[in-house]
Amino acid sequence: MSLAHDMLARAIRASAPYWAAEYAIVFHYFTNGVRTPQRDIGWITLQMFKEWTGSGVYGKRGVTVNNLIKRAASQIDQIDAGEAIGDLDAISGLLQFAIDEFNHFSLLCKAFLKLDPDGRMSIEQMGDLPEGRRLVELRHAWRDRPNGDLIVELTEGGGLGMYFAVGDAFAHSTQRSDVDELIVRFAQATVTDEIQHMAGRFQRALEADLSREDWEQVDAGLQDQFAQKLRERNQQFGSAFSDEALEHMGADAGAGRAYLRRNLGFLGERLGIPV
Ligand SMILES: [Fe+2]
Ligand SMILES: [Fe+2]
């Protein structure tokens with residue numbers, strides 16, 4: 001196994017407890033009687049902000065799904081204008097990515113409008129959660145460091161903890177409301193799409209020719225951001241866990257291993273690493 005494979009496997013194992021903890025937070029919300037329509041509006045609108053802006057994973061400050069679509073469209077314009085044709089796979093990859101995220105946004109938006117038919121909120125207002133703002137700032141700070149873009153992009157999707165939790169929480173429900181259906185469809189679409197996004201990003205990290213020191217930076221960056229992402233998730237879903245509990249969960253290697261085995265076997269297979 002190459003250095004890159006070895007170090008990526010380590011990075012995934014070190015991140016897994018945070019992913020398992022995201023799962024636990026979201027599963028708790030949907031199964032422990034704390035869910036209310038008002039709280040649903042709260043988590044859904046923050047998630048809409050995250051789908052639209054990426055909370056720092058889509059690019060520099062100000063980049064949104066809208067910009068990604070325009071970036072792809074401007075390259076398509078060049079084809080229309082008879083100019084040199086660029087990397088077509090990159091253009092369709094960018095378009096597909098933007099459409100996936102737009103679709104996640106749109107499923108949530110439909111659920112939001114069912115809960116609050118007259119609901120009007122700007123994207124900025126939707127993102128107004130202190131721990132969420134901190135995550136955005138932290139990601140931009142990491143982007144300014146060596147290999148920063150690569151490190152930040154590896155945090156997209158957070159190991160899918162939230163989405164697997166929704167799927168499991170609703171797996172045996174027989175009576176689902178329209179809102180429940182939309183939430184389940186959102187989670188399913190995200191798992192399907194994010195498996196591709198995640199595997200692609202990890203693959204690029206494998207090919208990036210990073211040194212051992214670079215990989216140590218990757219590790220530090222992932223853990224720093226995933227710890228903050230956990231605080232964001234907790235606040236997004238009603239702050240059911242104390243900071244102390246979150247720290248404990250983020251360090252629970254056993255829970256991380258169990259989560260990887262149960263949910264993320266595809267990553268190891270796709271990347272050719274034992275996780
Ligand atoms: Fe998404
Ligand atoms: Fe995504």
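Residues are numbered from 1 along each chain as its sequence is written, and chains are lettered from A and ligands numbered from 1 in the order in which they are written. Because the model is predicted, local features need pLDDT of at least 70 and side-chain atom pairs count only at pLDDT 80 or more, whereas totals for chains, interfaces and linings use all residues.

Two packed helices are described by the angle between their axes and the distance between the axes. Helices are DSSP runs (H or I, at least four residues), numbered from the N terminus. Axes are lines fitted to C-alpha atoms, for helices over the stretch in contact, and angles run from 0 to 180 degrees between N-to-C directions. Helix α3 (residues 65-80) packs on helix α4 (residues 88-115) at an angle of about 150°, and their axes are 9 Å apart. The two are therefore roughly antiparallel to each other; angles under 35 degrees count as roughly parallel, over 145 as roughly antiparallel, 65 to 115 as roughly perpendicular and the rest as oblique. On the α3 side the contact is made by V65, L68, I69, R71, A72, Q75 and I76, and on the α4 side by I91, L94, L95, F97, A98, E101, F102 and F105. Two residues are in contact if their C-beta atoms, placed from the backbone, lie within 7 Å. The residues of this contact of α3 with α4 comprise 12 nonpolar, 1 polar and 2 charged. In this division Ala, Val, Leu, Ile, Met, Phe, Trp, Tyr, Cys and Pro count as nonpolar, Asp, Glu, Lys and Arg as charged, and the others, Gly among them, as polar.

The axes of α1 and α11 come within 8 Å and cross at roughly 130°, which makes α1 oblique to α11. Here P17, Y18, A21 and A24 of α1 meet L246, M249 and G250 of α11. By class, the contact has 6 nonpolar, 1 polar and no charged residues. In α11 (residues 243-250), the buried residues are L246, M249 and G250. Viewed down the axis of α11, its buried residues fall within an arc of 95°, so they line one face of the helix; the arc is that of the directions from the helix axis to the C-beta atoms. These buried residues pack against α1 and α10 (212-236).

Y18 is located in helix α1 (residues 3-31). With 30 C-beta neighbours inside 10 Å, Y18 counts as buried; a residue is buried if 20 or more other C-beta atoms lie within 10 Å of its own, exposed if 12 or fewer, and partly exposed in between. Beyond its neighbours within four places in sequence, Y18 is in contact with F226, A227, K229, L230 and G250.

The loop between α10 and α11 contains F241 and S239. F241 is buried, with 21 C-beta neighbours inside 10 Å. Apart from neighbours within four places in sequence, F241 is in contact with I25, N234 and L246. S239 is partly exposed, with 13 other C-beta atoms within 10 Å.

Most residues other than glycine have a negative phi. Phi of S239, however, is near 55°, a positive value. S55, in the loop between α2 (37-53) and α3, also has a positive phi, near 50°. With 23 C-beta neighbours inside 10 Å, S55 counts as buried.
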